[in-house]
Amino acid sequence: MNMKTEVIRKNNTDVAVIYSDELLVTDVQSALDLIMTVQYESGCTNIAINKEAVIEDFFVLSTRLAGEILQKFINYGVRFAIYGDFSHYTSKPLKDFMYESNRGKDFYFQPDVTLAVEHLAG
């Protein structure tokens, strides 16, 4: 697994920030593997990952991949943020999903790593 993990502490909360130029999240099993790896290595239950490490199907809501993966994160008590450029997505359902997610407390889509960490440590 070619990934760089940095733990950032903010507001007494540890956030594992992951950067990878390879896909890390491609299905439910790989998402679970990521949770386990990050928790084992860093002890963090707050994870921020760059968008490029998440398979494109995640952003196609009709695949239901996003819902299945996010349900696993919730089951394991993990809060999750994806950071990167989402501006080229035009799907209204996806934009609505991202907007609703950003208003919640478990899952965020943020344009950069700083905002991702702020939301997870908020």
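Here is a walk through the structure above, from its sheet to its cores and a few of its side chains. Keep in mind as you look that this is a predicted model.

Let's start with the sheet. Five strands make up an open sheet, in the order β1-β2-β3-β4-β5, and the pairing in it is mixed. Which strands stand at the edges? They are β1 and β5, the latter covering residues 107-110. Each of these has a single partner strand, so one side of each is left without a neighbour in the sheet. If you go from one strand to the next, the twist averages 20°.

Now zoom in on the start of the chain. Strand β1 takes in residues 3-10 and strand β2 takes in residues 13-20, and the two pair in the antiparallel sense over eight bridges. You can trace that pairing residue by residue: M3 stands opposite S20 in β2, and E6 has V17 of β2 as its bridge partner. Together β1 and β2 form a hairpin, with two residues between them. In that turn, N11 has a positive phi of about 50°. N12, in the loop between β1 and β2, also has a positive phi, about 60°, although N12 is not a glycine. With a relative accessible area of 68%, N12 is exposed.

R64 has a positive phi of about 65°, and you'll find R64 in the loop between β3 and α2. Is R64 buried or exposed? Its relative accessible area is 62%, and exposed means over 50%, so R64 counts as exposed.

Helix α4, residues 113-120, lies across β1, β2, β3, β4 and β5. Compared with β4 (79-83), α4 runs at about 165°.

Side chains of opposite charge can pair when their charged atoms come close. How many salt bridges does the structure hold? There are five. One of them involves the side chains of K10 and E118, at 4.0 Å from N to O. This pair links distant parts of the chain: K10 is in strand β1 and E118 is in helix α4, 108 residues apart. K10 is partly exposed at 31% relative accessibility, and E118 is partly exposed too, with a relative accessible area of 37%.

R9 is exposed, at 53% relative accessible area, while D14 is partly exposed, at 29%. Another salt bridge joins the side chains of D106 and K105, at 4.0 Å from N to O. Here D106 counts as partly exposed, with 30% relative accessibility, whereas K105 is exposed, with a relative accessible area of 58%.

At 6% relative accessibility, N46 counts as buried, because buried means under 20%. A polar atom of the N46 side chain lies 3.5 Å from the backbone oxygen of D14. The side chain of N46 also makes a polar contact of 2.9 Å with the side chain of R79. Leaving aside neighbours within four places in sequence, N46 is in contact with T13, D14, V15, A16, R79 and L120.

Finally, have a look at the nonpolar residues. The largest nonpolar core has 32 residues, and I49, F58, F59 and I82 touch the most other members. Who supplies this core? β2, α1, β3, α2, β4, α3 and β5 each supply at least two residues. Helix α1 gives the most, with six residues. Take I49 as an example: not counting residues up to four places away in sequence, I49 touches I18, L24, V25, L34, V54, F80, A81, I82 and Y83. A second, separate core has 10 residues, including V17, A48, Y83 and L120.

Note on methods: Residues are numbered from 1 along each chain as its sequence is written. This is a predicted model: local features need pLDDT of at least 70, side-chain atom pairs count only at pLDDT 80 or more; totals for chains, interfaces and linings use all residues. Side-chain values use heavy atoms; hydrogens and water are left out. Two strands pair if DSSP finds at least two bridges between them. Helices (H or I, at least four residues) and strands (E, at least two) are DSSP runs, numbered from the N terminus. Axes are lines fitted to C-alpha atoms, for helices over the stretch in contact, and angles run from 0 to 180 degrees between N-to-C directions. Contact means heavy atoms within 4.5 Å. Buried means under 20% relative accessible area, exposed over 50%, partly exposed in between (1.4 Å probe, protein chains only). A polar contact is a pair of N or O atoms within 3.5 Å; within protein, one must be able to donate a hydrogen and the other to accept it, and residues adjacent in sequence count only if both atoms are side-chain atoms. A nonpolar core is a set of buried Ala, Val, Leu, Ile, Met, Phe, Trp, Tyr and Cys residues joined through side-chain atoms within 4.5 Å.
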